[in-house]
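Let's take a friendly walk through a protein model. Have the sequence and the 3D view open as you read.

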Amino acid sequence: MNRVRVNRWRALVEHGANSGHNTTFSMYFKSQPPMTTALQSNVVSGLEPTLPSSWYLQDRYYELEREHIFMREWVCVGREEEIPAKGDHKVLDLYGESILMLRNDMGEIKAFYNVCRHRGARICPAPNDDDSVLALKGGIVGKRSIICPYHAWTYNLDGQLTKAPHLSTETGFKPEGINLHPVGVATWGGFIFLNLTPDQAPDFEETIKVARRRFERYPLTDLRIAKTITYEVNANWKVLCENYNECYHCGPVHPELCRIVPAFREAGGADLDWERGVPHREGATTFTFSGESTRRSFPGLNEDEQVRHKGELIYPNVFLSLAREHVTFYILHAKSPGKTIIDCHLLFEPFEIEKEDFDPSDAADFWHVVNLQDWAICQRVQQGISARVHERGVYAPMEDWNLDIRRYVQDRIGPHVETHAKS
Ligand code: FES
Ligand SMILES: [Fe+2]
């Protein structure tokens, strides 16, 4: 176990039970029903508790997370390459809100709520909208204008109203200053992050500062998507985050992965140096079935990065896994307490993608196997925690990074849980 993790865990074990942190923690949960004798067996002496199972199962907690996490934090929605040219756009469904994201005349990425300032019509059809009865006009027209299909109010690609047909300024009406409701946009490493409450957005740099530091030698901005796999997983998004954050499960769940990284089997992954990157077996350098690849390593990696694998979870919804010659990233879309859609993308250097014999399947097939194992076990957790006797789980010491999600969620919705319970 690396020093940082040892010290962190010891601090929790030695002081956790009586710390202010835990006082706050239990305070948030006093609205929970009193534990029966059977439920008390959920408490395991010496181990830190997870969030209560109800937080993974019930709509009321999902709604609080939606409002106080997904509507307020920077959420990853994709890559800049998905809207490469001026006027390109995508309509996104973000936690039930329809968002129009585009590239403006200056080549900047902009995003707006997909709703007209006149009487609120949805401007662009969303991917799942049924236009089979009648396809309406409007939307992004000529890659220059955003036109509402109802009365043809017209906005430029910065979301400013430029034309409202038949309305005269003589009535005092002024199009200037009328804008589509904005959504915050930030980018890092080619990833696009949006914030749905931009006037209260947290500092974006805080969101990505660890990843920016740890991955500074990886050419993330230059990489391109060569393969995407979308999964629908019947598990709460926090179950998926907790699973991503630990390798205690790797021995039992991921035999193929452990053949590439035997250290995952040792001590439940407790001795891994996550900061430096996890080591492959002798002769392996990347995450493929063979442990090798003919693709070149990213130029600029240090010696460790050429033979080790790094991972990072950027809360609340993106997992990053970095090999020496490809990057796998996951965008989580929490749809309900028990359902999460996951887009898994594999990134490679354009230099490799352009080769005639380029084939990403050595990495993609490997990840697909690992992914299916992860999703299957997460679904088992979701099923298991709904048992009437299960009030909450516990974290083993090598899972201590999981405590991060407990704090992350607790800090953001904990105060509202109390308010909510009283209302
Ligand atoms: S609702 Fe959009 S122009 Fe009337
Ligand atoms: Fe896993």
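Below is a short tour, starting with the whole chain and ending with a few single residues.

## Ground rules

This is a predicted model, in which local features need pLDDT of at least 70 and side-chain atom pairs count only at pLDDT 80 or more, while totals for chains, interfaces and linings use all residues. Residues are numbered from 1 along each chain as its sequence is written, and chains are lettered from A and ligands numbered from 1 in the order in which they are written.

## The whole chain

The protein chain has 12 helices and 18 strands. Both are DSSP runs numbered from the N terminus: helices are H or I with at least four residues, and strands are E with at least two.

Of its 423 residues, 36% count as buried. A residue is buried if 20 or more other C-beta atoms (placed from the backbone) lie within 10 Å of its own, exposed if 12 or fewer, and partly exposed in between. Now for contacts: two residues are in contact if their C-beta atoms, placed from the backbone, lie within 7 Å. Taking contacts between residues at least 6 apart in sequence, 63% join residues at least 24 apart.

Look for helix H7 (residues 237–244) and helix H11 (residues 361–384), whose axes come within 10 Å and cross at roughly 125°. Axes here are lines fitted to C-alpha atoms, for helices over the stretch in contact, and angles run from 0 to 180 degrees between N-to-C directions. Which residues make the contact? From H7 come Val239, Leu240 and Asn243, and from H11 come Asp374, Ile377, Cys378, Val381 and Gln382.

H7 is largely enclosed by the rest of the structure, because 8 of its 8 residues are buried. Among them are Trp237, Lys238 and Tyr244. H11 has buried residues too, including Ala363, Phe366, Trp367 and Val370. The buried residues of H11 pack against strand E12 (224–233), H7, helix H9 (255–260), strand E16 (327–336) and strand E17 (339–348).

Proline 52 sits in strand E1 (residues 48–52). Is this proline buried or exposed? Proline 52 is buried, with 20 other C-beta atoms within 10 Å.

Histidine 68 is 343 residues from aspartate 411 in sequence and 9.9 Å away in space, C-alpha to C-alpha. Aspartate 411 counts as partly exposed because it has 13 C-beta neighbours inside 10 Å.

Most residues other than glycine have a negative phi, and most peptide bonds are trans. Tyrosine 315 and proline 316 are joined by a cis peptide bond, with omega about 5°. You'll find proline 316 in the loop between strand E14 (308–314) and strand E15 (318–322).

Lysine 143 has a positive phi, near 55°, and lies in the loop between strand E6 (139–141) and strand E7 (145–147). Histidine 166 has a positive phi as well, near 70°; look in the loop between strand E9 (161–163) and strand E10 (182–188). Lysine 143 is partly exposed, with 14 other C-beta atoms within 10 Å, whereas histidine 166 has 6 such neighbours and counts as exposed.
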